[in-house]
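Reader: I'm new to this and would like to learn how to read a protein structure. Could you walk me through one, feature by feature?

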Amino acid sequence: IDYTLETPVGLRSFEARSRALGVPVRGRPAVVVVARDITDRLAHEAELRIAAQAFEAQQGLVISDANTRILRVNRTFCRITGYQPHEVIGRNAQGLVSGTHDDALQESIWQALREHDGWQGEVWNRRKNGALFPARLTISVVRSKAGDITHYVESLEDLTQSTQAEREIHSLAFYDHLTALPNRRLLTERLETTMNALARTQEHGALLFIDLDDFKKINDLHNHHNGDLILQQVAQRLRSLAEPDHTAARFGADEFVILMAHLGSDPDEATHSVERVADSILERLQVPFTLENRQYRTITASIGIVLFRAHQPPAKDVILQADLAMNEAKQRGKNRWHFFDPAVQKRVTQRLQLEEALKRGIDQQQFMLHYQPQVNAQHEVIGAEALARWPQAPEGAASPGIFISVAERAGLMPALGKVLLEQVCVQLAAWQHVPTMRHLRIAINLSVSQLFQPSFVSDLLETLQRTGAPSNRLVLEITESILLNDLDEAHHTLSTLGAHGIRFSVDDFGTGYSSLAYLQRLPLSELKIDRSFITDLQHAPNNQAIVETIVALASALRLEVVAEGVESVDQVQLLQARGCMLFQGYLFAKAMPPKQLETWVEHRQLQPVHAKPA
Ligand code: C2E
Ligand code: CA
Ligand code: CA
């Protein structure tokens, strides 16, 4: 017998058993009733029934254990995917659900599960018959009281059937209706995804916050319809500028964002790439926009830039910082970009100033060559290396290591290199009239971009002819990286010049990519052992072995070997013992102006051979 009784603790249900007692109590037949309160059990059973009902819902459901092994699936799941329960139970849910997705997505799902115990998004899924279908996937984590993950519940909604209207609602949620660019929400999601992806690759990403200058004025002057036309055209231009893995988004009324990923691990390279994009945005906006009735006008924008890595700064700060930087760009006069990080901005500004100074310097002939002597085993001067000097260099940029690489990146090296080649030829020609100098070979460094200028060969030959410099006294120092570019073209250039007596030396040898193939194939005459192997030759048996190998290689290929950066007598002895017979370094002399080199050479010749080096 079951009872429901009103009790002091509320309405309770009881399950009761009764038995006749057999003996009368107070003269009446009696029964004993044993009742158990089953209120809680009934509630639990009802819950289970509801749960079972719910489990057979409209959505496919997958329950898996802490190791994502599938424990249970519902009928809808089977209907959607075409699998029978026994075909999937025991399999790994990860492979089955969202199995077609990239690592970045998997990673961001896992991160969301760790941090928020849940994830929701749209994924491509595969049916048993192999067909892909779009699905909305929701994953929730079930934890024990102790907080350990015990289960995952995944619900899968097949979106194939969703109507066009629903699709449009989705696109409304993620795309801006005026420009069809991703909206703020989708951008924020992509920023998160990008940051997660960068966590693995250690690369940089960047966010450019673009705000059109004086857009309100344009709207007032030309009416809103024209304002919209401009926004659409801006969107189009930004989209065409963005690489496939960039996102161009509309952030607000006249605010746009470009999100760039995979900018490499070198911060300077990354800064450079972003600058180029920012420059081209400003440039593209200079092209007139078409308004109603074939009116035209140009606009400008201010751009704030944040460079980021994995989670530095956190995603939520990136947009804020870019916005702040954009405001700074406005305050500095609009139609420009500005980096949020003051250190980055400072470096960039300095580099831009340096580029300007370089251009001026080239025009005004501010560059000159100093010459560092090279000696043989008898310590006789056999030649010199010409090294660029820039007396008027802006502060901090006097070292050629700096200004040459900036010139290289700014595309100024062909021009600067030409000026320097001209100078070295004039000097070589002049030294033909100085008996102590006429036999010296003069080396000059060539940068990658110089050698591959189409007019390089003809320019150089013309310069030699015009100045009267003997081409068989000229040595061109190239680096191994030149040879990586295009072996055929390098071969052609070197052979042509080689036929005129010009010689080639491989600079910084041992630091780059070397292959016997090119060493053999190219008309080279010398290897210069990089300074890094010489610096602590005494204490690095490794380096001694490298020197020996380079010397052996050179002798097999009939090339000369020069050691650069020689600073001590010990080094000379070690080098000589290993067969290297030409030296250049501070032990003998630093680079000096040409007149001073003449005196230095003259003075040296007065000293007895084998005299201890100065
Ligand atoms: P590099 O061609 O390897 O030049 C050798 C560098 O080592 C020179 O520095 C030289 O002054 C320095 N050096 C020479 N002997 C010693 C020594 O015993 N100890 C030490 N610590 N250093 C020594 P510099 O003049 O500062 O030039 C740096 C780099 O700039 C050059 O390296 C070269 O790559 C580039 N460079 C210089 N002039 C030119 C040029 O006219 N054209 C091109 N394309 N690059 C140039
Ligand atoms: Ca050199
Ligand atoms: Ca070198």
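Author: Happy to. Keep in mind that this is a predicted model. Let's begin with helix H20, residues 541-556: it has 16 residues and reaches 23 Å from its first C-alpha to its last, close to the 22 Å expected at 1.5 Å a residue.

Reader: Okay, and which residues of H20 are buried?

Author: The general idea is that a residue is called buried when its relative accessible area is under 20%, and exposed when that area is over 50%. In H20, the buried ones are Asn 543, Gln 544, Val 547, Ile 550, Val 551 and Ala 554. Looking down the axis of H20, you'd find these buried residues within an arc of 125°, so they line one face of the helix.

Reader: What does the face turned away from the buried side of H20 carry?

Author: Exposed residues: Pro 541, Asn 542, Thr 549 and Ala 556.

Reader: And what do the buried residues of H20 pack against?

Author: Several elements: E20, strand E21 (526-529), helix H19 (531-535), E22 and helix H21 (569-577). Have a look just after H20 too, where Arg 558 takes a positive phi of about 55°.

Reader: Let me try another helix. How many residues does H10 have, and how far does it reach?

Author: H10 covers residues 315-331, which is 17 residues, and it reaches 25 Å from first C-alpha to last, close to the 24 Å expected at 1.5 Å a residue. Its buried residues are Ala 315, Val 318, Ile 319, Gln 321, Ala 322, Ala 325, Met 326 and Ala 329. Around the axis they cover an arc of only 165°, which puts them on the same side of H10. On the other side of H10, Lys 316, Leu 320 and Gln 331 are exposed.

Reader: What covers the buried residues of H10?

Author: The cover includes helix H7 (184-201), strand E9 (204-212), strand E10 (247-252), strand E14 (301-309) and strand E15 (337-339). After H10 comes Gly 333, whose phi is positive, near 115°.

Reader: Now the metals. Which residues coordinate the calcium ion that is ligand 2?

Author: For the calcium ion (ligand 2), the list is Glu 385 (OE), Asn 445 (OD1), Glu 477 (OE) and Asp 507 (OD), at 2.1 to 2.3 Å. Along the chain, these donors follow the spacing E-x59-N-x31-E-x29-D. Glu 385 lies in strand E17 (residues 381-389) and Glu 477 in strand E19 (residues 474-479), so this pair ties together parts that are 92 residues apart in sequence.

Reader: Are Glu 385 and Glu 477 buried or exposed?

Author: Both Glu 385 and Glu 477 are buried.

Reader: Last topic: rings. How many aromatic pairs does the structure hold?

Author: There are 8. For each pair, check the distance between the centres and the angle between the planes. Phe 367 and Phe 403 make a tilted pair, 5.6 Å centre to centre with 50° between the planes. Both Phe 367 and Phe 403 are buried. The rings of Phe 583 and Phe 588 have their centres 6.4 Å apart and their planes at 25°, so that pair is stacked.

Reader: Which residues form an aromatic cluster?

Author: Phe 367, Trp 390 and Phe 403 form one.

Reader: And where does the charged end of Arg 237 sit?

Author: Over the ring of Phe 289, 3.7 Å from its centre. Likewise, the charged end of Lys 590 sits over the ring of Tyr 586, 4.7 Å from its centre.

Note on methods: Residues are numbered from 1 along each chain as its sequence is written. Chains are lettered from A and ligands numbered from 1 in the order in which they are written. This is a predicted model: local features need pLDDT of at least 70, side-chain atom pairs count only at pLDDT 80 or more; totals for chains, interfaces and linings use all residues. Side-chain values use heavy atoms; hydrogens and water are left out. Donors are N, O and S atoms within 2.8 Å of the metal (3.2 Å for Na, K and Ca); water is not among the atoms, so sites may look incomplete. Helices (H or I, at least four residues) and strands (E, at least two) are DSSP runs, numbered from the N terminus. Buried means under 20% relative accessible area, exposed over 50%, partly exposed in between (1.4 Å probe, protein chains only). Rings of Phe, Tyr and Trp (its six-membered ring) pair if their centres lie within 6.5 Å; planes under 30 degrees apart count as stacked, over 60 as edge-to-face and the rest as tilted. A charge sits over a ring if NZ of Lys or CZ of Arg is within 6 Å of the ring centre and within 35 degrees of the ring normal. The expected span of a helix is 1.5 Å times one less than its number of residues. The arc is that of the directions from the helix axis to the C-beta atoms. Contact means heavy atoms within 4.5 Å.
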